[in-house]
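Here are my notes from going through the model. Have it open alongside as you read.

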Amino acid sequence: MLKFKGYECSVCGKAYAPDEVTYTCPADGGNLDVILDYGAISQTSRPPDFQTSPDFSMWRYLPLLPVGDPGHPGTPLRRVGWTPLYRPPRLEAELGLKQLWLKDESTNPTASFKDRASALLVARSAEVGAEVIITASSGNAGAALAGMAAATGQEAVILVPKTAPKPKVAQLRVYGAQVLLVDGNYDAAFDLTIEAASEFGWYCRNTGYNPFTAEGKKTAGLEIWEQVLLKRNLSKPLCVFVSVGDGNIIAGIHKAFKDLHALGWLERMPRLFGVQAEGAAAVANAFAAGVEDIQPVAAHTLADSISVDLPRDGLRALRAATQTDGAYLTVTDDDILAAIRSLGQVGVFVEPAAAAAYAGLTKAARSGQVQPDDPCLALLTGAGLKDTQAAIRAAGDAPIIAPDLTALKECLKI
Ligand SMILES: *Cc1c(COP(=O)(O)O)cnc(C)c1O
Ligand SMILES: [Zn+2]
């Protein structure tokens, strides 16, 4: 792969050749950025090539990804990404914003953003000749790996903390993955995957550990570039709101904009706003304190997909905001439930972690942190049916009526 030059450690800055390391920096455990050969890429690709691509999936950006053609045409692997962008006038009016976009990731094959990372990892695992991919997950990452592995006939082993919600575990098992419930927390499952991968020569997909996950996730940033930035002449930088758990999504989106900037295809960086639940705000705490040292918290929030004690990609997640004139915000569980209702009103049904991004945008608009003429986009990372308990909490119970017209009229007050 000529365009893939190697890695650079996000902590010490040391560079590594592609075959020198597989996961994190051997010196300090830092997350590795994938380094691409921008010169080679710009010789063979130009922005108009993407704009005319007939491939309506994340794979339209293959020239910017560190893998070759993933194969498996006609499978769900090739349907990941190119998610829809909505313009909701009703919410624009509610927030007093002139330009608001929602990017809906629930249309991905396993119904969350995580498909972008897992699709790329499955492609990479074929290149490194791995027989088995293993990951630790409490939900969506596991579902995405199980789904993408099933689509391509790849074997997947997924370690889940035994406290994970049963419906999420069921989705993994339906896809035919080997699912093992670990009698311990997510960290225990995480450590065990690393041990198993090294013992058996398996490929480990863990978020904030495998450098390729952020490369898959950056495809959403590339889509924002193509769907918004290349199409409109915005008078101010786009403000992108992203919910943050481990911080790998926001790090991936930042990487997309850095790649585009390095290629000379993006002049003005969008501003990245990370949104965390108040009860799981390790990165937001560091941002508020103005430090890069991220301290763990005892996470508690109904948004299970961002309920993280110690973010595995916290440093890069923090820099995504500090290096782009963005910020971090926190939102309460009640803010998240209100956001689920607001988004529902424009036909978009999301899980709590996805609603958090919109809750953060709402807070920023109301406090004046973003101005009415700041163009804003909220990335909605997962589908509402992933967590029906939360949906019930957001919506409340429907009234029960007698089966006659009088009762119906009375109830509807007509
Ligand atoms: C994983 C996830 C997030 C957060 O992504 P991180 O990389 O952990 O910050 C947000 N929303 C949903 C639906 C997720 O599954
Ligand atoms: Zn290092």
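1. Let's start with the pair H9 and H11. Helix H9 covers residues 248–262 and helix H11 covers residues 314–322; the two pack at an angle of about 50°, with axes 8 Å apart. Helices here are DSSP runs (H or I, at least four residues), strands likewise (E, at least two), numbered from the N terminus. Axes are lines fitted to C-alpha atoms, for helices over the stretch in contact, and angles run from 0 to 180 degrees between N-to-C directions. H9 and H11 are therefore oblique to each other; the cut-offs are under 35 degrees for roughly parallel, over 145 for roughly antiparallel, 65 to 115 for roughly perpendicular, and oblique for the rest.

2. Before going on, the ground rules. This is a predicted model, where local features need pLDDT of at least 70 and side-chain atom pairs count only at pLDDT 80 or more, while totals for chains, interfaces and linings use all residues. Residues are numbered from 1 along each chain as its sequence is written, chains are lettered from A and ligands numbered from 1 in the order in which they are written, and side-chain values use heavy atoms, with hydrogens and water left out.

3. Back to that pair. The crossing of H9 and H11 is left-handed (the near helix is turned anticlockwise from the far one by less than a right angle; clockwise would be right-handed). On the H9 side, Asn248, Ile250, Ala251 and His254 meet Arg316, Ala317, Arg319 and Ala320 of H11, contact being heavy atoms within 4.5 Å. By class, the contact of H9 with H11 comes to 4 nonpolar, 2 polar and 2 charged residues. For the classes, Ala, Val, Leu, Ile, Met, Phe, Trp, Tyr, Cys and Pro count as nonpolar, Asp, Glu, Lys and Arg as charged, and the others, Gly among them, as polar.

4. How is H9 itself placed? Of its 15 residues, 12 are buried, so H9 is largely enclosed by the rest of the structure. Buried means under 20% relative accessible area, exposed over 50%, and partly exposed in between (1.4 Å probe, protein chains only). The buried set includes His254, Lys255 and Asp259. The length of H9 checks out too: its 15 residues should span 21 Å at 1.5 Å a residue, and its end C-alpha atoms are 21 Å apart, which agrees. The expected span is 1.5 Å times one less than the number of residues. Just after H9, Gly264 has a positive phi of about 80°.

5. Next, H5 and H6. The axes of helix H5 (residues 140–152) and helix H6 (residues 166–174) come within 8 Å and cross at roughly 15°. That makes H5 roughly parallel to H6. Asn140, Gly142, Ala143 and Ala146 of H5 make the contact with Lys168, Gln171 and Leu172 of H6. These residues split into 3 nonpolar, 3 polar and 1 charged. The crossing of H5 and H6 is left-handed.

6. Is H5 enclosed or open? With 12 of its 13 residues buried, H5 is largely enclosed by the rest of the structure. The cover over its buried residues includes helix H4 (115–127), strand E6 (132–136), strand E7 (155–161) and H6. From first C-alpha to last, H5 reaches 18 Å, close to the 18 Å expected. Just after H5, Gly153 takes a positive phi of about 75°.

7. Asp335, Ile336, Ala339, Ile340, Ser342 and Leu343 in H12 meet Pro352, Ala355, Ala356, Tyr358 and Ala359 in H13. That contact has 9 nonpolar, 1 polar and 1 charged residues.

8. Cys9, in strand E1 (residues 4–9), is buried at a relative accessible area of 2%. Leaving out residues up to four places away in sequence, Cys9 touches Lys14, Cys25, Asp28, Gly30, Asn31 and Leu32. Arg271, in strand E11 (residues 271–277), is buried at 16%. Beyond its neighbours within four places in sequence, the contacts of Arg271 include Asp325 and Asp374.

9. Last one: Trp202, in the loop between helix H7 (186–200) and strand E9 (203–204). Trp202 counts as partly exposed at 23% relative accessibility. The C-alpha atoms of Trp202 and Val132 are separated by 5.2 Å, though the two are 70 residues apart along the chain.
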